[in-house]
Amino acid sequence: MIIEPEMSAGEARAARGTAATGKRTLAEELRLQLADDIVRGALEPGSSLDESEIARRFNVSRTPVREALRQLVASGLVNSRAHRGAVVARPTIEQLNSMFEAMAELEALCAGLAAERMPIVQRSELEVLHERLRFLSYDGNPQLFHEANEAFHNAIYAGSQNGYVAEMALATRVRVQPFRRAQFRNLGRLAKSYVEHDRVVVAIMRGDKTGAANAMRDHIETVREEYEVYAVSL
């Protein structure tokens with residue numbers, strides 16, 4: 001299986017823009033839909049992904065489809081081979097574990113730095129986002145929870161006050177996002193995720209750098225485990 005690990009410049013710009021505005025581009029929406037289809041098994045490994053066919057299905061031009069497929073290649077869900085187009089793939093367990101390991105360390109670094117550096121205004125905003133997740137954990141809507149969850153993690157990246165680390169964390173999240181999103185479908189997962197977030201928030205508010213980093217690292221490790229549970233159920 002051939003996986004291209006580098007993000008394109010367009011992917012990086014799209015990721016930063018989404019984080020800044022909270023709005024998704026058309027390519028991002030297509031990526032999420034196709035990623036869901038792949039993770040759920042609606043699109044099986046080895047299936048061809050024809051740009052024209054996808055464009056007709058979603059009634060869009062081929063440009064956002066092409067961008068969405070590039071982003072899916074970065075996540076390891078799609079292979080792109082010269083003269084053969086795009087086909088559905090799926091990362092091996094080893095590849096997924098490597099991505100989650102990197103994600104855990106980057107997010108732990110952001111959380112630890114945020115505990116030290118996050119300004120009072122941003123801390124208040126983080127508490128508001130955390131409270132919104134509490135209410136959404138009762139609603140049982142994985143999609144709405146996922147969207148608020150992204151805003152929550154973005155706030156911690158920004159709170160690190162280290163733009164380079166924040167950008168690396170965001171770029172890595174683009175690669176693992178389909179798997180992080182899928183695990184929210186597990187029974188009771190939304191409430192558990194909120195509890196894990198709460199440990200992170202409490203540590204940040206206390207200025208506990210080590211505690212915040214450890215809580216975030218544990219959270220991402222649990223996300224990985226929950227995805228494995230989800231994958232077995234497919």
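**Figure 1. Cavities in the predicted model.** The model holds three cavities of 30 Å³ or more. A cavity is a set of points on a 1 Å grid over the protein atoms alone where a 1.4 Å probe fits but cannot get out. Grid points are joined across faces, edges and corners, and a volume is the space filled by probe spheres set on the points. This is a predicted model, in which local features need pLDDT of at least 70 and side-chain atom pairs count only at pLDDT 80 or more, while totals for chains, interfaces and linings use all residues. Residues are numbered from 1 along each chain as its sequence is written, and side-chain values use heavy atoms, with hydrogens and water left out.

**Figure 2. The second largest cavity and its lining.** The second largest cavity has about 40 Å³ of space. Its lining consists of H146, N149, E150, R173, Q177, R180, R181 and F184, where a lining residue has an atom within 4 Å of a point. Two elements, α7 (142–159) and α8 (163–182), each give two or more residues to this lining. Helix α8 supplies the largest share, four residues. Helices (H or I, at least four residues) and strands (E, at least two) are DSSP runs, numbered from the N terminus. By class, the lining has four charged, three polar and one nonpolar residue. Ala, Val, Leu, Ile, Met, Phe, Trp, Tyr, Cys and Pro count as nonpolar, Asp, Glu, Lys and Arg as charged, and the others, Gly among them, as polar.

Figure 3. V174 is part of α8. With a relative accessible area of 11%, V174 is buried. Buried means under 20% relative accessible area, exposed over 50%, and partly exposed in between (1.4 Å probe, protein chains only). The C-alpha atom of V174 is 7.8 Å from that of Q71, although the two residues are 103 apart along the chain. P142 belongs to helix α7. P142 counts as partly exposed, at 29% relative accessibility. Between the C-alpha atoms of P142 and N186 the separation is 9.2 Å, and 44 residues part them along the chain.

**Figure 4. Two loop residues with positive phi.** N59 sits in the loop between α3 (51–58) and α4 (62–75). Phi of N59 is near 55 degrees, a positive value in a residue other than glycine. N59 is exposed, its relative accessible area being 72%. Q161 is found in the loop between α7 and α8. Q161 is not a glycine, yet its phi is positive, at about 60 degrees. At a relative accessible area of 42%, Q161 is partly exposed.

**Figure 5. The three-stranded sheet.** The strands form an open sheet in the order β1-β3-β2, with antiparallel pairing. β1 (48–49) and β2 (78–81) are the edge strands, each pairing on one side only. Two strands pair if DSSP finds at least two bridges between them. β1 and β3 (residues 85–88) run antiparallel and are joined by two bridges. Opposite L49 stands A86 in β3. Four bridges link β2 and β3, again in the antiparallel sense. Among the residues facing each other here, R81 has G85 in β3 as its bridge partner. The hairpin of β2 and β3 has three residues between the strands, and H83 in this hairpin takes a positive phi near 70 degrees. In a regular strand the side chains alternate between the two faces of the sheet.

Figure 6. The UniProt record, an unreviewed entry, places the feature "domain: HTH gntR-type" at residues 24–91. UniProt positions are given in the numbering used here, feature names are shortened, and annotations may be inferred rather than shown by experiment. Over residues 24–91 the chain is 54% helix and 15% strand. The end C-alpha atoms of this segment are 25 Å apart.

**Figure 7. The protein chain as a setting for the close-ups.** The chain has ten helices and three strands. Read from the N terminus, its elements run α-α-β-α-α-β-β-α-α-α-α-α-α. The radius of gyration of the protein chain is 18 Å, close to the 17 Å that the globule rule gives for 234 residues, so the chain is as compact as a globular protein of that length. The radius of gyration is taken over C-alpha atoms, and the globule rule is 2.2 Å times the number of residues to the power 0.38. Along the principal axes, the C-alpha atoms fill a box of roughly 55 × 35 × 30 Å. Of the 234 residues in the chain, 49% are buried.

Definitions and conventions. 1 Å grid on protein atoms, 1.4 Å probe; cavity = no way out; pocket = protein on both sides within 12 Å on 5 of 7 lines; lining within 4 Å.
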